[in-house]
Amino acid sequence: LEFRRVLFRSLHARDATGREIGRVLWEKVAAHPRVRVHDNAQAMAIVTRDGVCTGARYVGRDGAGLWGIEADFDSMLRGKDGWIATERDALGRPIAFAKLAERPAIEGGEVQLTIDRFMQAIVEKALPAAIAKHGAKSGSIIVMNPRTGAILAMASQPTVSLSKLDLNAKGLDGLVRNRAITDLYEPGSTMKLLTTAMAIDKGLVTPESTYNDTGAAQVGGYTIKNWDFSAHGTTTVREYLQNSLNTGSVWLAQKVGPEAFYQYVKAFGLGESTHVGLSGEADGQYRTPADANWYPVDLATNSYGQGIAVTPLEQLTAINTLANQGRLMRPYVVSKIVTNNNVRTFGPVEVRQVISPQTAATVLKLMNDVVDGVELHGAKTPGYHVAGKTRSEEHTSELQSRETISYAIFCL
């Protein structure tokens, strides 16, 4: 997906005191106050369609980008104004042989995105339907190539309608933000994948290792139960993931130990920016044993994704290591920037090796067993081997009760 913005300003001739010079006319070389040029009409529809949240956004009356890609790369997109100054008589007629001053306009640069217009269209259509199905207030979808970190689609709802944009609308600040990178949430059961990877990577367990699931675990005076209050008795690592048992995550985290657990958490990139290159990205948050307000129960709850906050992009980037031989990649959405005198390209950046390729392959197979190994699993797709993990988290307070649902899915 490629777009560029060509901007020019109308200049006014004034003397040293700021007064207008009445007999000098300044003409714009071009007049396109808000123009985006795309590689084809379909790409333009993706960027400007109502409900889009790819980061490509809108410019104001002064031609400056207001948010997203338009704002982040405004200096490269806007170019430089061009003008022509001529002298005319009192009737507005050009004065022959009068001096002529001119500065050619410099066209703005091009920003090419990694967004796949077909995937983006599918995501934008699916997201409102999913929000309506679950009665949610908001939602985000990210599609990323786990081997390169390239973001192929990104959408968030609710958002602004570009065809009916009111810059004075109440709550506009909440509509224009890209929730996939700005909003923090508890990753819940998708965190169990990372906890399992830690234990397998350290050689503490295998997919067939077992523990006794009594339905509850006692940690620091607190009782932690499974999400469905079930007890399964002798349970393998594979079965604990298939049934998404909290007690299994607690068991594995205690085997790993707090020091190694949080070292892995940091290695997976949680608690820090992904450096995707978009403004407004939030850093995840969690406590460690070095914090005065950390308690042993934090290790237990963090192991299944509670008491830890991440952005959707942050969690997806971490889980993608499982599909990339244990390598953490830096996500990116801009593939190339083309200006008049420079072409800058962006490609895959490997951040670090988090777990071994063997561990990644093992956990990826376990993710496949979570979907294809469970009868009537909703993520099963005929003709594909699907690896995934769902997460459903319920939050209850005196004021409200809400549920958060998320999915991490790979097609193998």
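This is a predicted model: local features need pLDDT of at least 70, side-chain atom pairs count only at pLDDT 80 or more; totals for chains, interfaces and linings use all residues.
Buried means under 20% relative accessible area, with exposed over 50% and partly exposed in between (1.4 Å probe, protein chains only). Residues are numbered from 1 along each chain as its sequence is written, and side-chain values use heavy atoms, leaving out hydrogens and water.

**Exercise 1.** Determine which residues touch the most other members of the largest nonpolar core.

Solution. A nonpolar core is a set of buried Ala, Val, Leu, Ile, Met, Phe, Trp, Tyr and Cys residues joined through side-chain atoms within 4.5 Å. The largest one has 44 residues, and Met 198, Phe 261, Phe 268 and Leu 270 touch the most other members. Elements giving two or more residues to this core include α7 (191-201), α10 (258-267) and α13 (357-372); helices are DSSP runs of H or I with at least four residues, and strands are runs of E with at least two, numbered from the N terminus. The most comes from α7, with 7 residues. Leaving aside residues up to four places away in sequence, Phe 261 touches Met 191, Thr 195 and Met 198, among others.

**Exercise 2.** Classify the ring pairs that Tyr 262 forms with Phe 261 and with Trp 294.

Solution. Rings of Phe, Tyr and Trp (its six-membered ring) pair if their centres lie within 6.5 Å; planes under 30 degrees apart count as stacked, over 60 as edge-to-face and the rest as tilted. The structure holds 4 aromatic pairs. For Phe 261 and Tyr 262 the centres are 5.0 Å apart and the planes at 85 degrees, so this pair is edge-to-face. Both residues are buried. Tyr 262 and Trp 294 are also edge-to-face, at 6.3 Å centre to centre and 85 degrees between the planes. This pair links distant parts of the chain, since Tyr 262 lies in helix α10 and Trp 294 in the loop between α10 and α11 (296-303), 32 residues apart.

Conventions
Contact means heavy atoms within 4.5 Å.
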